[in-house]
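Here are a few friendly notes to read alongside the model. Please have the sequence and the 3D view open as you go.

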Amino acid sequence: MSENAKLPPLPTGTVTGRAVTWAKKNLFDGWFNTLLTIGSIAFLAWLIPPIIEWAIINATLEPSIEACSEVTGACWGFVNANLRLILFGTYPYDEQWRPLLAMIILIGIICASLGGVKYPSVRKWIIPMWVIGVPVIAFLMWGGFLGLTYVQNSYWGGLPLTLILSSIGIVFAFPFGLLLALGRQSNMPALKTLSVVYIEVIRGVPLITVLFMASVMFPLFLPDGVTIDKLLRAQIGIIMFTAAYLAEVFRGGLQAVPRGQFEAGESLALPYWKSMRLIILPQALRLVIPPTVNSFISMFKDTTLVVIIGLFDFLGTVKLALRSDPAWTKYYVEGYAFAAAIFFLICFSMAKYSAYLEKELRKGERR
Amino acid sequence: MTIATETKNDALRPPSSEDVITVSKMNKWYGNFHVLKDIDLTVRKGERIVICGPSGSGKSTLIRTLNRLEVYQQGEITVNGIHLGDDVKNIEAVRRDVCMVFQHFNLFPHMTVLENLTLAPIWVRKMPKKEANDLAMHYLERVRIAEQAHKFPGQLSGGQQQRVAIARSLCMQPKIMLFDEPTSALDPEMVKEVLDVMVELAKEGMTMLCVTHEMGFAKEVADRVIFMDAGQIIEMAEPQAFFDNPQNERTKLFLSQILSH
Ligand SMILES: Nc1ncnc2c1ncn2[C@@H]1O[C@H](COP(=O)(O)OP(=O)(O)O)[C@@H](O)[C@H]1O
Ligand SMILES: [Mg+2]
């Protein structure tokens, strides 16, 4: 604004005038910047038109192999024809309204929780919403009574599976990670050692190994006859893994809160847990919103690794659809592009929400 | 209003004979570093004590042992008849009665001024929110800052923040207040507004231990001045005797340095 005031009055009047001034100042200021601007424009001009041509102009939506073989562009018909397989995996075809409804409820609860934290009147409903919502989702997915047929969870798949694994993962990994971070800072040696060992061991191995151990090694330690469901094992593996990463993120936040804050709490006779909850954590967590969301995003994408233990998450069902008919197999670019678009949409929303939350929490408060 | 009543209101009440803090033969180490050596100190109810001494002499450490922000390894500390040791119940009981005002205020930046003040009454004293708010407003008026109640600490000047910190302590209705260089992080023009509040508190009979180099404050309100050096209490005397006739060479040197500017 103040820079504008210094400029000659002529161009500030019209929109084009202002655009020209802006461009001169930001895009063509100096030969290097000008070169960069021209280079970028040329690159985009080279890149974008062929993509649009392939994805839209020369593409077809018609769900038939014949239509696809006639066009030069993308065969979205593959996605169209296999949409239900891609979305719901091997869930019984006639019952697929159940995962659809479950998914809608889950997304609804997530959106209401994220959007509602700001408003005290909504905030008090967040926990009841989850307490009621999760059993409803479980009932829809499993069924078994009230007229719904029982569907074993080895038939679950697709987007609902991905969403369930990651949202339950976040809900449990968050508090677990927090306890680990506090444990690591504790001055009780046993607790501290336990936390450090846990974090370092889990962080030191790839998620694939954790999942493999959960599915192959873990049952070996259980007494005969006791089995833990494959899905549950994968879920536990994801929680354990994510918690270790979150613990380190939270530890960074805890260290960034000045020691004096804790001392002020102590000198007001606040006990440890109250001090933590009311003084330290609100400050520590707000500092680590970006890396926390970063962990969530990478965890969301890591849920795709459950394929290796035989669960078909959303990416797994795309592969399933590609293999469903040899004629479709060559349209893997379209299949993966569709999956990538959905993943991107969800991850990008998380990133946007994180930015929004940071801004909300800064309001009014100046440091 | 007559001059007589005014002076009567203004006069310092003499401390009572009841002891509220007893420190005997207290020693503290940081690893191998002997930071407090054989500290003996008795504070009576209503007494105002100023502690001074060169930087690093252990002043902060001493007053921080009195509400157990720091542990000690030898000797005894008793506050309000409660032995201050490892017992968590005792520590919390002592902290309810002893509040500390810090050099860097240590206000909670994510809460409004009012929330800063009501936090402890609500969560420690279990006071209903409404009552806590009234109490907080009362003390904010006392420190002349009531109009800032809904701002965040970061929006206030240093002097204002320190007055809020004092009000926050007062909301716990403490019997004893500890001050650790409350004015040394302030710009010079803000020192007075904070000292004024502290002088008022002193005149109301609050038991105070104050680490400060504000010698004017010491002369005006202190019952005793303590000089510390290298972890020891070197000299302890009434202000007049302390300033006019210091006994120890180190005290003399310190006073000559601090009073010369
Ligand atoms: N946490 C600590 N660990 C080790 N040494 C410390 C610690 N805190 C203070 N000290 C040392 O103890 C001495 C006394 O410190 P302090 O009580 O803060 O002095 P003062 O308040 O008189 O300036 C100083 O030499 C300081 O370096
Ligand atoms: Mg100090």
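1. A polar side-chain atom of B:Ser60 sits 2.6 Å from an oxygen atom of ligand 1, a polar contact being a pair of N or O atoms within 3.5 Å. An N or O atom in the side chain of B:Lys59 is 2.8 Å from an oxygen atom of ligand 1, and for B:Tyr30 a polar side-chain atom lies 3.3 Å from a nitrogen atom of the ligand. On its own, ligand 1 has 560 Å² of accessible area, of which the protein covers 58% (Shrake-Rupley method, 1.4 Å probe).

2. This is a predicted model: local features need pLDDT of at least 70, side-chain atom pairs count only at pLDDT 80 or more, and totals for chains, interfaces and linings use all residues. Residues are numbered from 1 along each chain as its sequence is written, chains are lettered from A and ligands numbered from 1 in the order written, and side-chain values use heavy atoms, without hydrogens or water.

3. Which element gives the most to the shell around ligand 1? H2(B) does, with 3 residues. Strand S2 (33–44) and helix H2 (59–65) of chain B each supply at least two shell residues (DSSP runs, helices being H or I with at least four residues and strands E with at least two, numbered from the N terminus).

4. In chain A, A:Ile48 belongs to helix H4 (residues 31–57). Its relative accessibility is 40%, so A:Ile48 counts as partly exposed (between buried, under 20%, and exposed, over 50%, with a 1.4 Å probe and protein chains only).

Technical notes:
A polar contact is a pair of N or O atoms within 3.5 Å; within protein, one must be able to donate a hydrogen and the other to accept it, and residues adjacent in sequence count only if both atoms are side-chain atoms.
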